[in-house]
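Follow the account below from charged side-chain pairs to open space.

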Amino acid sequence: MICFDSGENRFNFRVAGVAINNGKILLHKTVKDDFWALPGGRNELLEFTKDTIVREMREELNEEVTIDRLLWVVENFFEFDNKKYHEISFCYLMKFDEESSILDQKEGFLGVEEDVKLIFQWFDIADIDNIIVYPTFIKDKIKALSNNIEHIMHIGD
C-alpha cells in the first residue's frame, strides 16, 4: 500500500468509488467512526488506480464492479487519528452488476477490510446534507457530476 509516515504526518494514496443507484450513493464507515466516506482503499505499488477500486470492492464486498470513468483527482489535507494527512485520491464512477444483491440493500450491510468490519449503506443524494461525510466536498459534487475530470484541492475535514 502506498502510505508512509514522516513524524506526525502521513502521506496516503487512496482510490475511491462513487456508486449511484436510483438516486442513492453508496458510502461506508468503520464501526468506530462517526462519519461516512466513499468506499475504496489504498493503491498498491505498480497497480493502476482503476484496478485498485475493482480489487477493493472484491476484497471488501466480494462484488465485481466496472469502472465508468474518472471523476476527481483530489489533493486533500486533513487531521485524523492524531496524524496530519496529505492524501492524493483518484475517485471513479463505478457500477455494480445489475444482478448484484448490493443494489437491493435497504439497510446498512457489512463488509470487511482485512480484520476491520465496515458498514456500507445507500443514502439518498437529496438527503446527503443531513449526514456527516468526509471529505465534505463530496456533498456538493455528488449532486451535479461534471462530465469532465475535476482537480479538487481540499483542506479540512
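Is lysine 95 buried, partly exposed or exposed? Lysine 95 is partly exposed, with a relative accessible area of 48%; buried means under 20%, exposed over 50%, and partly exposed in between, with a 1.4 Å probe and protein chains only.

The model is predicted: local features need pLDDT of at least 70, side-chain atom pairs count only at pLDDT 80 or more, and totals for chains, interfaces and linings use all residues. Residues are numbered from 1 along each chain as its sequence is written, and side-chain values use heavy atoms, with hydrogens and water left out.

Lysine 95 pairs with aspartate 68 in a salt bridge, at 3.8 Å from N to O. The term stands for a side-chain nitrogen of Lys or Arg within 4 Å of a carboxyl oxygen of Asp or Glu. Aspartate 68 belongs to strand β5 and lysine 95 to strand β6, so the pair ties together parts 27 residues apart in sequence; strands are DSSP runs of E with at least two residues, helices runs of H or I with at least four, numbered from the N terminus. Aspartate 68 is partly exposed, at 40% relative accessibility.

The structure holds eleven salt bridges. In one of them, lysine 24 meets aspartate 124, the closest N and O atoms being 3.0 Å apart. Because lysine 24 lies in strand β3 and aspartate 124 in strand β8, this pair ties together parts that are 100 residues apart in sequence. Lysine 24 is partly exposed at 30%, and aspartate 124 is partly exposed at 32%.

Arginine 55 and glutamate 47 form a salt bridge at 2.8 Å, N to O. Here arginine 55 is buried at 16% relative accessibility, and glutamate 47 is buried at 18%. Shared partners join Glu47, Arg55, Glu56 and Glu59 into one network of salt bridges.

Next come the pockets. A pocket is an open set of points on a 1 Å grid over the protein atoms alone, where a 1.4 Å probe fits, with protein on both sides within 12 Å along at least five of seven lines; lining residues have an atom within 4 Å of a point. The largest pocket holds about 1,000 Å³ of space, a volume being the space filled by probe spheres set on the points, which are joined across faces, edges and corners. Its lining has 39 residues, with Asn12, Arg14, Thr30, Arg42 and Phe80 nearest the centre.

The second largest pocket has a volume of about 180 Å³. Among its lining residues are Lys24, Asp104 and Trp122.
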